Amino acid sequence: MTSHEAARGGRRLAAPPHPNPTAPVLALPPLSCDAHCHIFGPGDVFPYPEDRAYDTPDVTKEDLRRRHDLMGVERALIVQSAAHGTDHAALLDALRGDPDRYRGVALLTASSTSAEVAGLHEAGVRGVRLQFMPHLGPSPTPDEVRAVAGLVRPHGWHMAFHIAGDTVVDLFDTLRAGGPPVVIDHMARVDLRTGLDGPQVGALRRLLDTGNVWVKLSAPDRLSAGGPPYDDAVGLAALLAAQAPERCLWGSDFPHPNVREMPDDGVLVDLIARIAPDEKTRHRILVANPAELFGFPPEGE
């Protein structure tokens, strides 16, 4: 199953998630967190905007819970989708329905207000995502990045950057500038054909060493040049996890909008054993780090 162009409006149509994922072999530690996932709709309750970046089938909060139950995930960071734009109604519904299990990431613009951000924070939002992907719309300007940083700084939110290819090199100074914590989605979607010793991975690793930059070890299917079992992308994730386990997170990217080939979520969970072979590192990446960054209650509370 692949994404393709919708016949109506020229928008890309995201494929539905894998219908029959395998149950993972790897048992995740209690309170493990999926640090990158999405929900869509349902459209008859939370309509998609006319200017949405792509079309998608509904994947509801109930669908997300069922998939997480299969995967052994107890917490999640739900990232606002470009398919819903800056209308956060579906996200807020999910957060308020299960505040112990979920936190959120918003999409904001320079025209967003402090009152809006305060309301999102009260509901459980703990980050903002900045898109530098042409198919999702215009990238924010440096002034817009600074304006958004000013909005979220008082609440202690992180700023998630969705970038790809050479952008990790081009935005190096912006990403290391300090201020709110920076989270780089999907291992910066580097082009793995440039090699683990190439300039893109080199920039990503230097950013990880700054102490204010976190990396999501997510979406190996998006990065891999060879496809399943994603050996090249798993190699990068393992390299980053060994370098700075205290600033790495893991995410499924469910329901995988706009991927080339739909991955099996059970297989993605089992890859964690190769990314972080020891239990201490897995606990750090899956439990302790997301609790610290996203404001989940500590273990035992």
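How many nonpolar, polar and charged residues does the lining of the largest pocket have? By class, there are eleven nonpolar, six polar and four charged residues, where Ala, Val, Leu, Ile, Met, Phe, Trp, Tyr, Cys and Pro count as nonpolar, Asp, Glu, Lys and Arg as charged, and the others, Gly among them, as polar. The model behind these values is predicted, with local features needing pLDDT of at least 70 and side-chain atom pairs counting only at pLDDT 80 or more, while totals for chains, interfaces and linings use all residues. Residues are numbered from 1 along each chain as its sequence is written, and side-chain values use heavy atoms, with hydrogens and water left out.

That pocket holds about 480 Å³ of space. Its lining is made up of 21 residues, and Leu108, Thr109, Gln131, Leu136 and Pro138 lie nearest the centre. Helices here are DSSP runs (H or I, at least four residues), as are strands (E, at least two), numbered from the N terminus.

What about enclosed space? On a 1 Å grid over the protein atoms alone, a cavity is a set of points where a 1.4 Å probe fits but cannot get out, whereas a pocket is an open set with protein on both sides within 12 Å along at least five of seven lines; lining residues have an atom within 4 Å of a point. Grid points are joined across faces, edges and corners, and a volume is the space filled by probe spheres set on the points. Three cavities of 30 Å³ or more turn up in the whole structure. The largest cavity has about 140 Å³ of space, and 17 residues line it, with Tyr54, Arg129, Leu136, His162 and Pro257 nearest its centre. Its lining splits into four nonpolar, nine polar and four charged residues. The second largest cavity, at about 50 Å³, is lined by ten nonpolar residues, one polar and no charged ones. Among those lining residues are Met187, Leu217, Ser218 and Trp250, and α9 provides the largest share, three residues.

Leu217 shows up again in the largest nonpolar core: this core has 82 residues, and Ile184 and Leu217 have the most contacts inside it. Such a core is a set of buried Ala, Val, Leu, Ile, Met, Phe, Trp, Tyr and Cys residues joined through side-chain atoms within 4.5 Å, and buried means under 20% relative accessible area, exposed over 50%, partly exposed in between (1.4 Å probe, protein chains only). Helix α9 (residues 231–243) supplies the largest share of this core, six residues. A separate core has 13 residues, including Val79 and Phe294.

As for cysteines, the structure has zero disulfides, a disulfide being a pair of cysteine sulfur atoms within 2.5 Å. The sulfur of Cys33 has its closest cysteine sulfur in Cys37, 7.8 Å away, so the two are too far apart for a bond. Cys33 is buried at 2% relative accessible area, and Cys37 is buried at 0%.

Most residues other than glycine have a negative phi, and most peptide bonds are trans. The bond from Gly41 to Pro42 is cis, with omega near 10°, and another cis bond joins Phe254 and Pro255, with omega about 0°. Met187, which is not a glycine, has a positive phi of about 55° and is buried at 1% relative accessible area. Tyr230 also has a positive phi, near 60°, and counts as buried at 6%.
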